[in-house]
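Colleague: I'm new to this one and would like to learn how to read its charged side chains. Could you walk me through them?

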Amino acid sequence: MEKAIKRFKRLVEKEGIIREWKKREYFVKPSTIKNREKKDLVRKMAKKLRKLNGGSKNY
């Protein structure tokens with residue numbers, strides 16, 4: 001029985017069912033999603049820039 005539960009948990013985690021459920025739990029306005037994606041992109045670009053510049057902060 002315990003083995004079956006572990007197998008089920010692993011399968012659910014692998015498929016991303018819990019993650020998808022949490023994502024769809026509440027309605028998020030399309031504009032909010034768009035803004036969040038834009039912020040993520042800016043953050044990724046800044047990180048990439050820092051990496052290219054040697055990681056030092058320029059004050």
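Colleague: Let me start with a pair in one helix: by about how much of a helical turn are Glu-20 and Lys-23 separated in helix H2?

Modeller: Glu-20 and Lys-23 are 3 residues apart in helix H2 (residues 17-24), so about one helical turn separates them. Helices here are DSSP runs (H or I, at least four residues), numbered from the N terminus. Before we go on, a word on the source: this is a predicted model, where local features need pLDDT of at least 70 and side-chain atom pairs count only at pLDDT 80 or more, while totals for chains, interfaces and linings use all residues. Residues are numbered from 1 along each chain as its sequence is written, and side-chain values use heavy atoms, leaving out hydrogens and water.

Colleague: Thanks! How many salt bridges are there by the rule used here?

Modeller: The general idea is that a side-chain nitrogen of Lys or Arg lies within 4 Å of a carboxyl oxygen of Asp or Glu. By that rule there are 3 salt bridges. In one of them, Glu-20 pairs with Lys-23, with the closest N and O atoms 4.0 Å apart. Glu-20 also pairs with Arg-24, at 2.4 Å between the closest N and O atoms. Those two residues are 4 residues apart in helix H2, again about one turn.

Colleague: Which residues meet in a salt bridge at 2.9 Å, N to O?

Modeller: That is Asp-40 with Arg-43. Both belong to helix H3 (residues 30-52), where they sit 3 residues apart, about one turn of the helix.

Colleague: Is Glu-20 exposed or only partly exposed?

Modeller: Buried means under 20% relative accessible area, exposed over 50%, and partly exposed in between (1.4 Å probe, protein chains only). Glu-20 has 30%, so it is partly exposed, whereas Lys-23 is exposed at 59%. Arg-24 counts as exposed because its relative accessibility is 64%. In the other pair, Asp-40 is partly exposed at 32% and Arg-43 is exposed at 53%.

Colleague: And which residues gather in a patch of positive charge on the surface?

Modeller: Patches join residues with over 30% relative accessible area and no salt bridge, like charges within 9 Å and nonpolar side chains (Val, Leu, Ile, Met, Phe, Trp, Tyr) within 5 Å. Here Lys-3, Lys-6, Arg-7, Lys-9 and Arg-10 form the positive patch. Lys-9 lies in helix H1 (residues 2-15), and with 57% relative accessibility Lys-9 counts as exposed.

How values were computed: Accessible areas come from the Shrake-Rupley method with a 1.4 Å probe; for residues, only the protein chains shown count as cover. Lys and Arg count as positive and Asp and Glu as negative; His and the chain ends are not counted. The place of a charge is taken as NZ of Lys, CZ of Arg, CG of Asp or CD of Glu.
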